[in-house]
There are 2 protein chains.
Amino acid sequence: MDQALARAWLATAVAEARTGLAEGGIPIGAALYGADGTLLGRGRNRRVQDGDPSLHAETAAFRAAGRRRTYRGTTMVTTLSPCWYCSGLVRQFGISRVVIGEAVTFRGGQDWLAAHGVEIVLLDDPGCAGLMRAFIRDNPALWNEDIGE
Amino acid sequence: MDQALARAWLATAVAEARTGLAEGGIPIGAALYGADGTLLGRGRNRRVQDGDPSLHAETAAFRAAGRRRTYRGTTMVTTLSPCWYCSGLVRQFGISRVVIGEAVTFRGGQDWLAAHGVEIVLLDDPGCAGLMRAFIRDNPALWNEDIGE
């Protein structure tokens, strides 16, 4: 896909991550875009804010997009490589593409998704990596809780 | 694990599935049990009831269990073979065991979980299968929506 468009969409996810950080939460954001470029839903990790372990950024964006007949042609944009939980979401619902801010602080199921036909766009964004690096350094226990380690 | 105990735990998930059916929802239920047999959380598919596509039975039970430092030794009990989304949840959070009511009307990521060290207990329960068979027959569009097909 067009890299400028991917970066523009990533900005939506980054804004969610920054809002989460300001709320005292885990700074991971995501957004689901339709095939025509419509923003269908956006969200952020809500473990701390809602005491809800089931809302990772990607599942929050998926939830915000509401019920849909199909996810064909949609793109999940996320600031961080999707964990197995969120990778499973992408595979089960047939989301066509995942745009990833960075995969250096954590690497989830992106290769598995690629092997199953999902287009992966890795932006290797230094801002996303810096945000997570600082968060993990300052909150290791909370981070480990969020990824089940 | 002890089959009688597995069947006793499955009854909790079946009760959730039946409640969901009575609410007009998709009849899939789940429960998360601790290593010591404590019921940590229970839930049911809430797509219809809450208009929320992110709450499959397993994710609803996981959510109801709240924030936890570890899932080591826990068992996810579900009336139906877990889809990729719910299988990803189990793998990411290190849930140790999955008790499955039936895997004939739908088969998700159970073999993948077994290959990654998760204990799978398949009960092949005719009641669970009958519930889903009737539901899928009467609501094919809703069922396909729930599994992204």
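B:D138 counts as exposed, at 52% relative accessibility; exposed means over 50% relative accessible area, buried under 20%, and partly exposed in between, with a 1.4 Å probe and protein chains only. Its side chain and that of B:R137 meet in a salt bridge, 3.0 Å from N to O. By salt bridge I mean a side-chain nitrogen of Lys or Arg within 4 Å of a carboxyl oxygen of Asp or Glu. B:R137 is exposed as well, at 60%.

Before I go on, the ground rules. This is a predicted model, where local features need pLDDT of at least 70 and side-chain atom pairs count only at pLDDT 80 or more, while totals for chains, interfaces and linings use all residues. Residues are numbered from 1 along each chain as its sequence is written, chains are lettered from A and ligands numbered from 1 in the order in which they are written, and side-chain values use heavy atoms, without hydrogens and water.

Back to salt bridges. Over all chains the structure holds 24. One of them joins B:E16 and B:R42, at 2.8 Å from N to O. B:E16 lies in helix α1 (residues 3–22) of chain B and B:R42 in strand β2 (residues 39–44) of chain B, so this pair ties together parts that are 26 residues apart in sequence. Helices (H or I, at least four residues) and strands (E, at least two) are DSSP runs, numbered from the N terminus. B:E16 is buried at 7%, whereas B:R42 is partly exposed at 37%.

Next, the strands of chain A. Which residues of strand β3 (residues 75–80) are buried? The count is 6 of its 6. β3(A) pairs with strand β1 (residues 29–33) of chain A in the antiparallel sense over 4 bridges; pairing requires at least two DSSP bridges between the strands. β3(A) also pairs with strand β4 (residues 97–102) of chain A, in the parallel sense over 5 bridges. Between β3(A) and β4(A) the chain crosses through helix α4 (residues 84–93) of chain A, and this β-α-β crossover is right-handed, that is, clockwise from the first strand over the helix to the second with the strands pointing away from the viewer.

Last, the interface. Contact, meaning heavy atoms within 4.5 Å, takes 33 residues from chain A and 32 residues from chain B. The two chains have 4 salt bridges between them, including A:E145 with B:R67, at 2.7 Å from N to O.
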